[in-house]
Amino acid sequence: MSKQKKILHKINRNWCKGCGICVHFCPKNVLELDKDDKVFAAHPDDCIFCRMCELRCPDLAIEVISQGNKI
Amino acid sequence: MPVQDYIRDRFFPHIWCPGCGHGIVLNGMLKAIEELGLSKNEIVMVSGIGCSSRISGYVDFHTLHTIHGRALAFASGVKMSRPELNLIIPMGDGDALAIGGNHFIHAARRNIDLTAIIMNNRIYGMTGGQFSPLSGHGIKASTAPYSTIDHDFDIMELAKSAGATFAARTTTFHIKEITSIIKKAILHEGFSVVEIMSQCPTYFGKQNKLGNSFEMMELFKKNTRKIGSNKKLENKNLIERGIFIQKELPEYTNEYSKMVKIAMGKKNER
């Protein structure tokens, strides 16, 4: 795997309701809730691109995009 | 996300509470439809009344938001007139099995090619957390403050005895299973039932002290097992997940069109 690949967490803040499902089930603790209870990628470099946050988000508010090399 | 192409984003953010399992079902279902490569014009989504039935408003297919419990009856009508369309019927547990219980067993008996998705959150969420026929024994609800005394259905057993030719169960925790099972259910020719155990943190979770949305999802992980797994030996109370029935039987609309041909042939002979 290339170390140079960049993973982008596209978060729709208007749709996020801060339920915390993505934060809880992230295997690498990439995501956190901010003071407005909206999710943000606190440690994007740790992301392993499993996309479980995107798949489990009840609000369809997260999209994980891998830039560069495909895994 | 290609999933975004299938939704009516003007209605978002949706009406469901934070952490509601129905959103996860919507997410998994759209993924299944995307992977099958179905076009928006090939799908009709018919729903009744309830939290779960709001799903038909959020997807950009042909949609019908009909009366409580009668989604399967409307869907049967659509399927009879346009058998080439794929019918998906999202229902809640009360909508499918209390108010619409009779429609459910007869749609299953006829083996008409519909895909019924039952989002089982074991409560009537929209009206304030009353217990439903799927709540089960010893559950607290706003209409059962001292806990329920009646027992629940097993949807899989009910579907099996009513004659459904595809029946499967999964939970909102097992998101990849939701997608793979819904894909199989849509492709299956005949009546398919997919039960998805969903969480209602607002009512069911709060009244029964099961915690918030992800704690309830952890319970789905803990309390279920895949059909055939060895966990059964350790704990017999685990709920089974997976495909319970998958068999081929003559499908209703196919048989009906054969009947029409026979009748037309007889008419022309005269």
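Me: Which residue forms a salt bridge with B:Asp60, and how far apart are the closest N and O atoms?

Reply: In this predicted model, B:Asp60 is paired with B:Lys40 in a salt bridge whose closest N and O atoms are 3.2 Å apart. B:Asp60 sits in the loop between H2 and E2 of chain B, while B:Lys40 sits in the loop between H1 and strand E1 (43-47) of chain B, so the pair ties together parts that are 20 residues apart in sequence. Both partners are partly exposed: B:Asp60 has a relative accessible area of 28%, and B:Lys40 has one of 30%.

Me: Which parts of chain A does the pair of A:Lys10 and A:Glu63 tie together?

Reply: The side chains of A:Lys10 and A:Glu63 meet in a salt bridge at 3.7 Å, taken from N to O. Since A:Lys10 belongs to strand E1 (residues 6-11) of chain A and A:Glu63 to strand E4 of chain A, the bridge ties together parts that are 53 residues apart in sequence.

Me: Where do B:Lys258 and B:Glu255 lie, and how many residues apart are they?

Reply: Both lie in helix H11 (residues 252-269) of chain B, 3 residues apart, which is about one turn of the helix. Over all chains, a search of the whole structure finds 16 salt bridges.

Me: How many salt bridges are there between chain A and chain B, and what area do the two chains bury between them?

Reply: The size of an interface is often expressed as the accessible area that is lost when the parts come together. Here chain A and chain B bury about 2,000 Å² between them, with 64% of that area on carbon and sulfur atoms. The count of salt bridges between the two chains is 0, but 9 residue pairs are in polar contact across the interface, both residues of each pair being at pLDDT 80 or more. On the side of chain A that touches chain B, at least two residues each come from helix H1 (21-25), helix H2 (52-56) and strand E4 (62-67) of chain A, and the largest share, 4 residues, is that of H2(A). By type, the residues of this side divide into 10 nonpolar, 3 polar and 6 charged. The contact as a whole takes 19 residues from chain A and 28 residues from chain B.

Me: How is the chain A fold laid out from the N terminus on?

Reply: Chain A has 2 helices and 4 strands, and its elements run β-α-β-β-α-β from the N terminus on. Of its 71 residues, 39% count as buried. Among the contacts in chain A with a separation of 6 or more, 46% are between residues 24 or more positions apart.

Me: Why is the ring pair of B:Tyr6 and B:Phe61 tilted?

Reply: A pair of aromatic rings is described by the distance of the centres and the angle of the planes. The centres of B:Tyr6 and B:Phe61 are 5.8 Å apart and their planes stand at 55°, so this pair is tilted. It links distant parts of the chain, B:Tyr6 being in the segment before helix H1 (21-36) of chain B and B:Phe61 in the loop between helix H2 (55-58) and strand E2 (62-65) of chain B, 55 residues apart. B:Tyr6 counts as buried at 10% relative accessibility, as does B:Phe61 at 5%. Elsewhere, ring pairs link A:Trp15, B:Phe12, B:Trp16 and B:Tyr58 into a cluster; the structure holds 6 aromatic pairs over all chains.

Me: Where is A:Asp37 found, and what is its phi?

Reply: Most residues other than glycine have a negative phi, and most peptide bonds are trans. A:Asp37, however, has a positive phi near 60°; this residue is found in the loop between strand E2 (31-33) and strand E3 (39-41) of chain A and counts as partly exposed at 44% relative accessibility. A:Arg51 also has a positive phi, of about 65°, and is found in the loop between E3 and H2 of chain A. As for the peptide bond, B:Phe12 and B:Pro13 are joined by a cis one with omega about -5°, B:Pro13 being in the segment before H1 of chain B.

Notes: Residues numbered from 1 in each chain as written. Chains lettered and ligands numbered in written order. Predicted model: local features only at pLDDT ≥ 70, side-chain atom pairs only at ≥ 80, totals over all residues. Heavy atoms only, no water. Contact = heavy atoms within 4.5 Å. Buried area = accessible area lost by both parts, 1.4 Å probe. Salt bridge = Lys/Arg side-chain N within 4 Å of Asp/Glu carboxyl O. Polar contact = N/O pair within 3.5 Å; in protein donor to acceptor, adjacent residues only side chain to side chain. Nonpolar A, V, L, I, M, F, W, Y, C, P; charged D, E, K, R; others polar. Phe/Tyr/Trp six-rings, centres within 6.5 Å; stacked < 30°, edge-to-face > 60°. Buried < 20%, exposed > 50% of the residue type's maximum accessible area, 1.4 Å probe, protein only.
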